[in-house]
Each structure stands twice: as C-alpha cells, then as structure tokens.
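Let's take a friendly walk through a protein chain. Have a look at the sequence and the structure, and then we will go from the whole fold down to single residues.

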Amino acid sequence: MSKIISGFSKLSKEEKIDWLSTNYFNNQPEIIKTIKQYWNVDEKLQQLHDDFIENTISNFYMPYGIAPNFVINNKNYVIPMVVEESSVVAAASLVAKFWSTRGGFKTEVISTTKIGQVHFMYSGNKSDLEAYFNEQKPELFKATASITKNMEKRGGGILDIQLVDKTNDLENYYQLHVTFETKDSMGANFINSCLEAMANQFRKDDIEIIMSILSNYVPECIVRSEVSCKIEDLGGDDPYKFARKFEQAVKIAEIEPYRAVTHNKGIMNGIDSVVLATGNDFRAIEAGAHAYASKDGQYRSLTHCSIEDDVFKFWIELPLALGTVGGLTALHPMAKLSLDMMQRPSARELMEIMATAGLAQNFAALRALTTKGIQHGHMKMHLQNILNQLEATSKEKEKIVAFFENKTVSHSAVVDKFNELRK
Ligand code: MEV
C-alpha cells in the first residue's frame with residue numbers, strides 16, 4: 001500500500017491518528033493510547049496548542065523547572081527553565097545562590113539593532129543602480145509606512161537602508177541591507193513584512209529580486225553579563241588554584257574549537273531553557289549565538305575570564321534577538337506565566353536574564369570540570385532517570401538513592417544494586 005497521502009492536513013485529528021496507526025503502527029492500540037494520554041482535558045486549551053502548528057496529534061511534555069536566587073543588577077529573579085537535561089536547573093540554582101552573596105550578576109545591553117536583507121541580481125551599470133537606489137530610498141520608507149506605523153509609536157522602526165555590492169563574491173549580486181529597532185518584539189514578522197514591501201517597491205525590469213528575509217545573525221544586538229569577586233571570596237580549599245584552573249579552562253575554549261563547541265553548548269543549556277520557557281525562538285537564538293562565536297573566522301568561547309589584582313572576573317557577551325510581546329509569548333499560557341514570574345521584563349531585560357542564565361550554566365560546568373569532574377553531579381541527577389527506566393518502586397528508589405549518597409553513580413552500579421534488592 002502506498003503511504004503517500006494527499007490532503008492529510010484536511011483530515012480531522014482522529015482521522016490523522018487512525019491513518020498513522022494503520023500505516024505505521026499496525027493498528028497497535030497502545031499507540032493511540034500513548035498519543036491521547038497527552039491530550040489536555042481542557043478542550044479549549046488543547047485547541048490552542050493544536051493551532052500553533054499543522055497536523056498536531058498530541059503534545060510533547062518537557063519539564064518546566066525554576067531556578068531561584070538570581071540577583072541581576074541588584075534585583076531578585078526566579079528564572080523559569082524548560083529543559084530535559086537533568087542537571088541544568090540544579091546547576092543554575094546552585095550558581096545563582098553562590099553569586100547572590102558575592103554581588104550578583106551585573107549586566108548591560110550593548111546594542112539592539114536587528115538586520116534584514118533584500119537579495120537581488122542586477123547586471124547593469126553600478127552607478128545607475130546607485131542613482132536608482134538614492135532616488136528610491138525615500139520611497140522604500142514610504143512603502144513600509146503602514147507596517148511601521150505601530151512600531152514607530154513604540155519607538156522602533158526602520159533605522160537605515162543601504163545598498164551593498166556583493167558582486168566580488170557572486171556575479172551580479174547586490175543587497176538592500178536594512179537595520180531595524182523592534183523594541184520589545186523579536187520582530188521577525190515585522191522585519192519580513194517590511195522587506196517584502198521594500199522589494200515590491202524596488203523591483204524593476206533589470207532588478208531580479210531573489211528573496212527578502214531577516215537575518216538571524218545579529219552581531220549588533222548584544223548583551224553582556226558579568227560576575228566578579230576577590231579570589232579569596234571564591235571559597236573552597238584553595239580559591240587561588242580554583243581561579244587559575246578556571247581561567248585556563250576558559251582560555252582553552254577561546255582558542256580550541258573542539259572544546260569551544262562543547263563549552264558553548266553548556267552555555268546554551270542555560271539560555272535555551274529560558275528561551276523555551278518564554279516562548280521565544282530557540283533555533284534563531286542558537287544560530288545567532290554560534291555564528292557570533294565564529295565572528296573572527298574561528299569558533300571560540302562566548303565567555304571570558306580574567307584575573308587581575310586578585311580579582312576574579314567572568315563574563316559573557318552574545319547576541320540575543322528576543323521578544324516579550326507578540327508571537328507565542330502572548331499565546332502560550334506557560335510563556336506568559338514565565339514572563340510574569342520574571343516581573344514582565346522588557347526585551348532588553350530578558351536579554352540580560354538569559355545571558356545570565358548562560359553565564360551561570362557555564363560557571364557551573366567549568367567549576368565541576370576543573371574540580372570533581374562533570375560525571376559526579378550529572379550521574380547523581382541522572383540516577384532518577386535510571387531508576388524510572390528500571391521501573392523501581394518508591395521504596396526501592398529511596399533505598400538506592402541513600403546507597404549512592406556517597407558513591408559514584410554509574411548505570412551498571414545502579415542496575416546491580418537494583419537487582420540485589422529485588423533478589
Ligand atoms: C553538557 O550538557 C554540557 C557540558 O558538556 C558543558 C561543558 O563541557 O562545558 C557539561
């Protein structure tokens with residue numbers, strides 16, 4: 001039987017599930033049960049989620065955790081995090097508490113400019129194109145007036161439009177390079193609508209518009225978060241040794257791409273969790289952050305560390321294009337809850353909070369890596385997952401957790417202990 005189907009999106013949810021079950025699961029009844037078990041009993045709420053995308057058949061749960069005790073610019077925050085990796089929220093909470101007694105996190109938004117481009121081909125004389133662009137520039141602004149009206153009321157809009165010659169890289173290739181301020185919205189729809197309106201205005205016989213789209217590379221939408229304290233205040237057995245090793249770990253990630261990618265992945269553990277919890281676009285954030293990490297031609301760490309005059313300083317600088325209005329932030333009740341929890345931050349404030357979550361996560365990872373090693377904490381957190389996989393009872397869980405209190409957790413050691421109990 002052919003599994004290619006036309007008009008699938010027009011089927012009802014039940015019909016879609018039936019089709020899936022018949023064609024890919026041999027009508028096993030437990031498949032339908034699994035799918036439906038995640039439906040929300042509140043039909044209106046379920047419908048809201050169904051409508052976010054096409055062909056929704058169920059929901060996919062992720063844990064929603066909170067990390068308390070963040071002090072950012074002297075203000076207290078509890079940060080919501082959506083993530084499946086067991087140690088992320090625990091690490092954020094520990095580090096938030098640690099820095100809360102050492103002055104907290106200090107942050108600063110450096111810039112908030114976003115970028116979009118109209119890509120086009122033109123084979124004529126460059127000076128004619130320049131003359132046409134100069135004549136058209138005010139018209140391009142006019143062509144977007146109905147779209148920019150509301151944004152301008154909020155203090156945003158189109159900042160500038162430039163003609164860029166890219167013909168050295170690709171024959172006949174030019175761009176309209178447009179910069180935007182989108183205030184509290186991420187601005188993807190706003191930017192793309194402006195660009196398409198500009199492209200329509202700009203096109204003519206000898207200009208072939210290829211495409212109009214925002215860029216997720218936003219090196220002018222940058223935030224910085226920092227912690228610092230006297231080395232002796234870092235605590236532990238030997239804070240000087242700790243600070244030195246920590247600094248070396250950061251320097252390694254600054255020059256060694258293999259390490260930098262994992263280092264930055266750990267940072268994104270913290271950032272993506274907050275991005276998801278607030279209904280922001282994690283693919284955009286990921287793409288922009290990693291592109292920025294390679295801005296000078298080599299992939300490098302997004303965090304940096306210095307030790308000067310016995311002061312330990314650790315900071316992150318990265319691009320974050322975020323929204324606290326519009327998109328899913330207003331639609332998803334949990335995204336709204338997240339923003340309320342953080343006292344309804346502006347997009348700038350949310351940039352500061354997320355950069356801090358990333359810095360905290362990186363601090364936790366490097367502290368573990370340069371001292372006890374990462375597996376100690378990871379496996380402790382992973383123990384519950386192993387026990388759930390083994391379908392241990394709560395009594396068994398209690399006993400096994402107590403047993404591993406002062407021991408190294410490994411999958412096989414847990415299985416051995418579990419089998420021993422069941423004997
Ligand atoms: C794991 O998700 C993240 C770490 O690998 C980050 C790092 O190595 O810095 C622990």
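Of the contacts between residues at least 6 apart in sequence, 70% join residues at least 24 apart. Keep in mind that you are looking at a predicted model.

**The chain as a whole**

The chain has 423 residues, and buried residues make up 43% of them. Its secondary structure comes to 16 helices and 10 strands.

**Around the ligand**

Which residues are found around the ligand? They are E85, R259, T262, H263, K265, G266, N269, A365, L369 and I374. For E85, a polar side-chain atom lies 2.6 Å from an oxygen atom of the ligand. R259 has an N or O atom in its side chain that is 2.7 Å from a ligand oxygen. K265 also places a polar side-chain atom by the ligand, 2.6 Å from an oxygen atom. On its own, the ligand has 300 Å² of accessible area, and the protein covers 86% of it.

**Salt bridges**

Now let's turn to the charged side chains. How many salt bridges does the count come to? It comes to 18 salt bridges. Here are three of these pairs, with the distance between their N and O atoms.

| Salt bridge | N to O distance |
|---|---|
| E14 and K36 | 2.9 Å |
| E349 and K75 | 3.1 Å |
| R300 and D296 | 2.8 Å |

Take the pair E14 and K36, which are joined in a salt bridge. E14 sits in helix α1 (residues 13-24) and K36 in helix α2 (residues 29-37), and the pair links parts of the chain 22 residues apart.

Next, find E349 and K75, whose side chains meet in a salt bridge. Because E349 lies in helix α13 (residues 347-369) and K75 in strand β2 (residues 75-82), this pair ties together parts that are 274 residues apart in sequence. K75 counts as partly exposed, at 31% relative accessibility.

R300 pairs with D296 in a salt bridge, and R300 is partly exposed because its relative accessible area is 26%. Salt bridges can also be linked to one another: K126, E130 and D165 are joined in a network of them.

**A buried glutamine**

Is Q136 buried or exposed? Q136 has 8% relative accessibility, so it counts as buried. You can find Q136 in helix α5 (residues 126-143). Leaving aside neighbours within four places in sequence, Q136 is in contact with Q201 and F202. With Q201 there is a polar contact, side chain to side chain, at 3.0 Å.

**A proline in a loop**

Where is P219 placed? P219 is in the loop between β7 (208-214) and β8 (222-230). At 27% relative accessibility, P219 falls in the partly exposed class. Apart from neighbours within four places in sequence, P219 touches I115 and Y292, each being in contact with it. I115 is 104 residues from P219 along the chain, and their C-alpha atoms are separated by 9.2 Å.

F60, M62, L276 and F282 make a nonpolar surface patch of about 390 Å². One of these residues, M62, is found in the loop between α3 (43-50) and β1 (64-72). M62 has 33% relative accessibility, so it counts as partly exposed.

How values were computed
Residues numbered from 1 in each chain as written. Predicted model: local features only at pLDDT ≥ 70, side-chain atom pairs only at ≥ 80, totals over all residues. Heavy atoms only, no water. Patch = residues over 30% accessible without salt bridge, like charges linked within 9 Å, V, L, I, M, F, W, Y side chains within 5 Å. Areas by Shrake-Rupley, 256 points an atom, 1.4 Å probe, with all protein chains shown as cover. Salt bridge = Lys/Arg side-chain N within 4 Å of Asp/Glu carboxyl O. Helix = DSSP H or I, 4+ residues; strand = E, 2+ residues; numbered from the N terminus. Buried < 20%, exposed > 50% of the residue type's maximum accessible area, 1.4 Å probe, protein only. Polar contact = N/O pair within 3.5 Å; in protein donor to acceptor, adjacent residues only side chain to side chain. Contact = heavy atoms within 4.5 Å. Near = heavy atom within 4 Å.
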